[in-house]
Amino acid sequence: MCVHAQLQTEDRYLSNRMVGENIFDLFPASASGSLRAGFSTLWSGRKGFCEDLYECAGETGELSVYYVISMSRYDDFHAMIRLRNISYYINKHERLLRQEEQKVEDLKRLAGIGVWKYDSKKQRLESKGYADPMFQPGEYREMDMAEYFSRMSVTDVEKVKEYIRGLDAGRRQESIQYMMHYQYGDVVLRVEPISCRPSDGGYLWEGYVQNVTDLITGQTRIEMLRQAIDSVSEDVFAVESDGSLAFANKTFLEHNVSDRSRDVIGEKVFDLNKTLVDKTQWGDWLRSLRENGGSWNFTQDRVSDGQGEAMTFENYSYLIENQLHQELIWVFARDISERLKREDEINSLQYLTNSIINNIPVGLYVKDVADDFKYLFCNRSAFDFLRSGREDVIGKNDFEIFGRSKAEAIRNEDLQLVSDRTKIERTGQVGGASGSPVTYEEVRIYSEKKDGTPLIIGVFWDITSRVALEKELVEAKEKAEESGRLKSAFLANMSHEIRTPLNAIVGFSNIIAETQDMEERRGMYKIVETNNERLLSLINEILDMSKIEAGMLELSSKPVNMRVLCGELLNANLFRCPGNVIFSFDGSSPNLVTRTDPNRLFQVFANLITNAFKFTDSGRVTFGYRLDGPNIVCYVEDTGSGIETDKQDKIFDRFVKGNDFAQGTGLGLPICKVLIEKMGGRIGVESAIGRGTKFVFTIPYVPPVNERVGSGNPGRLKTSVRKAGARKAVSGTVTVLVVESEPSDFDLLCDTFGDGIFFVRADSGVEAVTLFEQYRPQLVLLNVAVTDINCAEVAGIIKEVSPGVPVVAFGNSAPTDCYDDFMAVPWSREQVERLFNKYL
């Protein structure tokens, strides 16, 4: 019973009306029971003072009331009780606690966390929470492990069983992760044991379980993203504002870090590779990023720290703020060294292509059909051909460049080409820059761009030279046909020219043997000699023309006294002069000495004099020369039959004869023309029918300097013949032909071995062949040092005529396959005797 009450305030259970009330009846049963227990303890004497917290639970929806009740014995019948209502503080903290618990519960739900118990004795699992969809958040649900394993991924079952065997043995395990299969999808769980205590002969384990499906999925995606970033060929890295490296992909590390095993995250980027960015440039980099709105693109040359090679990078940098409001500079750097190299190659190739297109001697142009056939492109040759600049052609059509009539013709052709889509080939002619006409050939084709835009592509080229060449070829063909006709006539004439003297030689040779009259014999000898000369002249002309055609004609240059040369010509041809013709040298010709080829000059004069004799039955044949400025003008004039006017232009062509019935091959005058032109002069003819002919030719006047000129005929071909008595070593008399240009060497050979041997000397290839035919020697000695003949060719001709006659070469060296033997010089008497004994 309460006998007294002093209250500072009233609440749900305490008031001033409680005096006289039973104090235990004032409170709910949950609190009064605890209060009775406190009184019992106090009155039993075990304690003199007690204090405790008592909760008076409220009705539904009402908050509990909390009292701190302190009790002490006042006397044997009374107790002093103090009640302090602390409900406000308790309820406030409880609300906060419940809020925190709700937060924790929310976090568990968001993080997918639950709790579990495992009884190793019963082999059963209890769980609740938000991790495993099989268990509810509010209260534990029990499941047999066999059933639990049935829902587990087969790849994880054995691993989890091994883990549980450890729990059964009481061993504390680390966390384990495994996958569960459910109808709506797979779930990845991570289990972590927290406590373990013995229970009924086994162990009772408690811990938490978390649904890490989203985490694993996120990690997988992050790992995939990282692998993807590591796989790209670009440098990808992130740097904090102080220069610390926050992220780097594999490519960046390869390019900038030599030690791959080193963890460079957190290091300063300017300490990794000085060519990437140095410490002094880092501030400029940040400033450029901020000034450009958080992005900055630039090209940079740097040296790879991994390979040590120079590389060029194209950098894209971005300033980004993360969730922690920290600035990160993300950089994507692409190595463009290979691209720049390819671009350089493409530019070089393009430059080369443009150079080729602009320098080929072919005009090239492109027209845009869709844009009124305007010119899109012309190369340099096209501009040169049109005699216009780029601004006069590009972007204009034909009506703006050419006259209307020509432009209409070109437009009609273009329209037809677009319609047919084939090609146009044509030839045209325009006025050239020099005023002479230019012939060109053009080809136009239809084409299209990739987008289908129709184009006309044209090429044209100057064929003026080709047309001229074709004309020349036609003329050359006609000349060749004419030459073939003349050659046929020549061969037909040659058969007559050769047979005629041969018939005379053979016929009169037989008659001489039968004729006893010496006067008749002398006449017949004269006929044979004349025909021999004709045949020799014919062979010489053929051989000279062959040498000219083969390009083997060579001229010498020696001092020549013109008066002496003409004197020898007069003496050499007097006996050939017909009886009714006066043959004379023009005595008014000055005394001149010039450098030229005396043999060839003698040959030209002799040919012209022989022709004059041939066509002059009576009258005069005169020859001479005069000085005319830098040239010596030579002439041979006759009063013969003359040459028809229409034949005078062709008289110097091969196989052409002024008189088809006259003797000759038609080669003498062409040979004279070639010789005179080779000596630097010109030759011409003046003639009138019935009045005679005058051949005039010139040679350069080249006075010799400090050179003595003899009074003889320098360089003229001579035949030296020497005969001696019999030699004992050789029975009978034999003939040896010696091809030697030095008379002294020939005389030494004759004086040493003259007994019984008839030596004949020739100092040219033509003379060697002629004397071989004349004397039929038993041995030929050929000096290979004679420079104006082809010794191997002479030996071949001799072998072809008489295969059995040995040809021995002498000199410094000679090919053995061209000759029967070889004798080195200087020779000895014994060496020559062995040679003669071998072949004679």
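Author: Strands count as paired once DSSP finds at least two bridges between them. The model discussed here is predicted.

Reader: What makes strand 21 and strand 23 a pair?

Author: Strand 21 is joined to strand 23 (residues 619–628) by 5 bridges. The cut-off is at least two bridges, so the two strands pair. They run parallel. In strand 23, T622 is the bridge partner of S584.

Reader: Which sheet holds these strands, and in what order?

Author: An open sheet of 5 strands, in the order 21-23-24-26-25. Its pairing is mixed.

Reader: Why do strand 21 and strand 25 stand at the edges?

Author: Strand 21 (581–585) and strand 25 (683–688) each have a single partner strand, so one side of each lacks a neighbour in the sheet. On average, neighbouring strands of this sheet are turned by 15° against each other, direction ignored.

Reader: Which strands does helix 17 touch as it packs on the sheet?

Author: Helix 17 (residues 598–614) touches strand 21, strand 23, strand 24 (631–638) and strand 26 (692–700). Touching requires heavy atoms within 4.5 Å. The direction of helix 17 makes about 20° with that of strand 24. Helix 19 (residues 668–678) also packs on the sheet, touching strand 25 and strand 26. Its direction makes about 25° with that of strand 26.

Reader: Why is helix 17 called roughly antiparallel to helix 19?

Author: The two helices pack at an angle of about 150°, with their axes 10 Å apart. Angles over 145 degrees count as roughly antiparallel. Helix 17 is therefore roughly antiparallel to helix 19. The crossing is left-handed.

Reader: Which residues meet there?

Author: From helix 17, R600, Q603, V604, N607, L608 and N611. From helix 19, G668, L669, I671, C672, L675 and I676. By class, this contact has 7 nonpolar, 4 polar and 1 charged residues. Arg counts as charged, so R600 is in the charged class.

Reader: What makes helix 21 roughly parallel to helix 22?

Author: The axes of helix 21 (residues 765–775) and helix 22 (residues 791–801) cross at roughly 20° and come within 10 Å. Angles under 35 degrees count as roughly parallel. Helix 21 is therefore roughly parallel to helix 22. This crossing is right-handed. Helix 21 brings G765, A768, V769, F772 and E773, and helix 22 brings V794, I797, I798 and V801. These residues divide into 7 nonpolar, 1 polar and 1 charged.

Reader: Where is confidence lowest, and where is it highest?

Author: Lowest in strand 27 (residues 720–722), at a mean of 35, and highest in strand 24, at 95. The pLDDT is below 50 over residues 710–732. That stretch has 53 contacts in the model beyond near neighbours in sequence. The protein chain has a mean pLDDT of 81, with 87% of its residues at 70 or more.

Terms used:
Residues are numbered from 1 along each chain as its sequence is written. This is a predicted model: local features need pLDDT of at least 70, side-chain atom pairs count only at pLDDT 80 or more; totals for chains, interfaces and linings use all residues. Side-chain values use heavy atoms; hydrogens and water are left out. Helices (H or I, at least four residues) and strands (E, at least two) are DSSP runs, numbered from the N terminus. Axes are lines fitted to C-alpha atoms, for helices over the stretch in contact, and angles run from 0 to 180 degrees between N-to-C directions. Angles under 35 degrees count as roughly parallel, over 145 as roughly antiparallel, 65 to 115 as roughly perpendicular and the rest as oblique. A crossing is left-handed if the near helix is turned anticlockwise from the far one by less than a right angle, and right-handed if clockwise. pLDDT is the predictor's confidence in each residue, from 0 to 100.
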